[in-house]
Structure formats: C-alpha cells, structure tokens
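Hi,

Here is the structure I promised to pass on to you. Have a look at it first, and then read on for my notes.

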Amino acid sequence: MEFYGPAVYENNNFFQNYLRRRNRKESPNNAIEKPIIFELIKDIKNKHILDLGCGDGRFGIELIERGCQTFRGIDGSLNMIKEASNNLNGTSSILENKRLEEWRSDGRKYDIIVSRMVLHYIETLPLLFNEIKRAMKKDGVFVFSVQHPTLTASEKSANENTQRTDWVVDDYFLRGKREKIWIGKKVIKFHRPFEDYFQMLYQTGFKIIDVREGAPEAIYFDTLEEYKRRMRVPLFLIFSCSIA
C-alpha cells in the first residue's frame, strides 16, 4: 500500500515509531536542520508565524518560548494535530487539520512562514508557493527545508535498510514520483533537482536570501563518530526567501 503526504501518520504504530525517531537528540532534524532553520528565520520576538506541516507541535513550543506573538500550525495528519494540541496546550497557538494541497491563504498576513521537511511530499508546489506569497507580509520571510535532491533522486540507496555512509546518485534529472520504504511503510515523495526549487521560487516572485545544504556542526553531536558520518552525505536543502 502506498501512502501519500500525511496519510501514513494515521497508522498508529508508524506514528509512535516516527515520534520516537524524530525526537531523538541526535536525529538529523534536531542536530542539523533545526539550528539552520532558527538561524535563517532570525528574530522571532513579537512575530506572527505560520508553520505549514507543524507536526507534533514541539517546534511551535520553541517558537513561542522564543517570543513569537502568534503561532498558527497547519498539518494534514489528524494524529499530528492531536499530538500538537497536547504539546501546545495552554499556549495561544491555533492549529488546523488540513492538507497543504488544499490550504488557501485567508487574508491573514504573517511575518514568518516556515515549513520543515514537508514540501518534497507535495506534487503541486507552484500552487502552494503562490498561496504562501499571498499570506506573507511585504517584509516577511519564508523559510523551508526539503530532503536534499541527491537523496530523493535514486531509490537504490533509499530502500536499503542498512545504516549507510554513502549514497548512490542516479536519475537526478528524472523528475517526479519516488517510492521509499520508511519505518516499514511505502511512502511517496516527489523528486526535483535543485534548479527546480530555485526556478519555482523565482517564477512565483520570491527573492532567495540564503540557501543551505545542512553542513553539520560538531557542537550538536554527542559523538565524533556520528558527526563524521553526517559529514559524508547532504540530507537537507534549506531556503530562505522574501518577496521580490
């Protein structure tokens, strides 16, 4: 059975396994991607923030603790929204259960729009980019991360269960659907070369402020071995954008 977008998180066993993996201190999301995201969104205090694909809400907690004025999270998984509601209980956050393919800007404007490791699951990115632009303040920032295209390009390494230290890059310019076995389930992603992300942003009317590929920093790892392993293959592609 294939799972598109957030559907896989409605499987309770998968969902609990995912949470355990995702929230490890040395998970790549925590040790590599998150510090870069915080660096790129810069000043959070008193800002209105929209999180597209807010997941379990733990990132929202950190944004609130760092002083954002409002936090709104959208996620297509009901299990994720329930978990986020528990984690964000007692805060002034607003959460909505909606697939990003169906989300439309409702006239509210945000200082910061962030999306972490979600957009490679979405086939119709130009439509979403247009909605994001409509929801941004003129001086706002849009920061998002996706799985690095060197990883999504080929299924040869992705479907191996061993802990890898290298990666086969193949079919890089063959755009489109990819199948990957992840935590025992077949999930669907959409591969795009680096230049496609750039061109879609440019054609939507975004100005690219910064681009990162997730170079690890040793301070975020407890072991030198894990740090060195993460230096071998890029896991993330991260953009910071404003309205041109």
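This is a predicted model: local features need pLDDT of at least 70, side-chain atom pairs count only at pLDDT 80 or more; totals for chains, interfaces and linings use all residues.

**Overall picture**

The protein is built from 9 helices and 10 strands. Its C-alpha atoms fill a box of roughly 45 × 40 × 40 Å along the principal axes. How does the radius of gyration of the protein agree with that of a compact globule? For 244 residues, such a globule would have a radius near 18 Å, and the protein has 17 Å, so the two agree. Buried residues account for 51% of the 244 residues. If you take the contacts between residues at least 6 apart in sequence, 66% of them join residues at least 24 apart.

Start with helix H1 (residues 12–22) and helix H4 (residues 78–87), whose axes come within 11 Å and cross at roughly 50 degrees. That angle makes H1 oblique to H4. The crossing of H1 with H4 is right-handed. On the H1 side you will find Asn12, Phe15, Tyr18 and Leu19, and they meet Asn79, Met80 and Glu83 of H4. By class, the residues of this H1 and H4 contact are 4 nonpolar, 2 polar and 1 charged.

Next come helix H2 (residues 28–41) and helix H3 (residues 58–65). Their axes come within 13 Å and cross at roughly 40 degrees, and H2 and H3 are therefore oblique to each other. Here too, H2 passes H3 in a right-handed crossing. Which residues make the contact between H2 and H3? From H2 they are Lys34, Ile37, Phe38 and Ile41, and from H3 they are Phe59, Glu62 and Leu63. This H2 and H3 contact has 5 nonpolar residues, no polar ones and 2 charged ones.

The last pair is helix H5 (residues 125–135) with helix H8 (residues 194–204). These pack at an angle of about 45 degrees, and their axes are 10 Å apart. H5 and H8 are therefore oblique to each other, and H5 passes H8 in a right-handed crossing. Leu125, Pro126, Phe129, Asn130 and Lys133 in H5 meet Tyr197, Met200, Leu201 and Thr204 in H8. The contact of H5 with H8 divides into 6 nonpolar, 2 polar and 1 charged residues.

Is His120 buried or exposed? With a relative accessible area of 2%, His120 is buried, because the cut-off for that is under 20%. Setting aside neighbours within four places in sequence, His120 is in contact with Val146, Gln147, Lys189, Phe190, Arg192 and Tyr197.

Gly176 belongs to strand E7 (residues 176–182). It is partly exposed, with a relative accessible area of 22%. Beyond residues up to four places away in sequence, Gly176 touches Lys189, Phe190 and His191. Lys189 and Phe190 are also among the contacts of His120. Gly176 and Phe190 are 14 residues apart in sequence, with their C-alpha atoms 5.0 Å apart in space.

Most residues other than glycine have a negative phi.

- Lys42 has a phi near 60 degrees, although it is a residue other than glycine. It lies in the loop between H2 and strand E2 (48–52). At 59% relative accessibility, Lys42 counts as exposed.
- Asp171 is not a glycine either, and its phi is positive at about 55 degrees. Its place is the loop between helix H7 (155–158) and E7. Asp171 has a relative accessible area of 40% and is partly exposed.

Enjoy looking through it!

Best wishes

Key: Residues are numbered from 1 along each chain as its sequence is written. Side-chain values use heavy atoms; hydrogens and water are left out. Axes are lines fitted to C-alpha atoms, for helices over the stretch in contact, and angles run from 0 to 180 degrees between N-to-C directions. Helices (H or I, at least four residues) and strands (E, at least two) are DSSP runs, numbered from the N terminus. Angles under 35 degrees count as roughly parallel, over 145 as roughly antiparallel, 65 to 115 as roughly perpendicular and the rest as oblique. A crossing is left-handed if the near helix is turned anticlockwise from the far one by less than a right angle, and right-handed if clockwise. Contact means heavy atoms within 4.5 Å. Ala, Val, Leu, Ile, Met, Phe, Trp, Tyr, Cys and Pro count as nonpolar, Asp, Glu, Lys and Arg as charged, and the others, Gly among them, as polar. The radius of gyration is taken over C-alpha atoms; the globule rule is 2.2 Å times the number of residues to the power 0.38. Buried means under 20% relative accessible area, exposed over 50%, partly exposed in between (1.4 Å probe, protein chains only).
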